[in-house]
Amino acid sequence: MLIYHRICSIEDQYFGALHKLLQTIFPPEEVLAYELWKEPLEDPTIHVYVAIHEGEVVGSTEYRYYPDMRVAMTDFTIIGKPSLGIGRFLLRNRERDLEKLAQQSGTTPIGMFAEVYDPYRAEEHSFGGVSPMNPYVRREVLSHIGYKRIGVSYVHPSWDHEGQAVAELDLCFLPKDEELSAIDASLVAEFLEGYYSALPNKPAEWLRMMEQIRTSGTLELHPL
């Protein structure tokens, strides 16, 4: 049986295992240093959960809901072991929690953002050798869920605070309206500015991308 457990402190008995899992799965520039997790975990708007199987952390997901924009963001989803139903377990629990957060805020969500690796640009990463984390698999899973790629040449600042541009991912959106073919560019800009406000060092590539987004009316949503 899988247990859905929220981590709210670096002192949590499962946080060490989670951070090790993050380092195993993701490249170094995508992983926040251990001690820098203190404030995010204590932020009530940031939801970090682990899937526990027989006392072991076997998966995790982080997400948040922005009632002012009526959008959610899935920061990451990790499946640490195959054939345990971890992906479905995390998805359903996250969906239920986000529905509750929207109800509590009195808002109706319009969709959810996520970043996904482009397998053709990220194929040198092993992702811990865990087959469900293979970028081809992950991209296809997000496509099945209903995510669409936002039409912008995407980069983001590295989470190691070095200010490097990470360009191996696409920014995606899961619209509540499945027929939606474009998204308001100002919403994307507002979201990204807020989401990456915690990283002071912004690469020039990111600044150029943000200027492009701000001067656009809408951005097309493409199939993954």
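**Overall fold and core**

The model is a predicted one, so local features need pLDDT of at least 70 and side-chain atom pairs count only at pLDDT 80 or more, while totals for chains, interfaces and linings use all residues. Residues are numbered from 1 along each chain as its sequence is written, and side-chain values use heavy atoms, with hydrogens and water left out.

The chain carries 6 helices and 11 strands, both being DSSP runs numbered from the N terminus (H or I, at least four residues, for helices; E, at least two, for strands). As for overall size, the radius of gyration over C-alpha atoms is 17 Å, which agrees with the value near 17 Å for a compact globule of 224 residues; that rule is 2.2 Å times the number of residues to the power 0.38. Along the principal axes, the C-alpha atoms fill a box of roughly 50 × 40 × 30 Å.

Now to the inside. The largest nonpolar core has 77 residues, and Phe-113, Ile-150, Leu-192 and Ile-213 touch the most other members. Such a core is a set of buried Ala, Val, Leu, Ile, Met, Phe, Trp, Tyr and Cys residues joined through side-chain atoms within 4.5 Å. Helix 5 (residues 185–195) gives the most to this core, with 7 residues. Beyond its neighbours within four places in sequence, Ile-213 is in contact (heavy atoms within 4.5 Å) with Val-152, Ala-185, Val-188, Ala-189, Leu-192 and Leu-219.

Conventions
Buried < 20%, exposed > 50% of the residue type's maximum accessible area, 1.4 Å probe, protein only.
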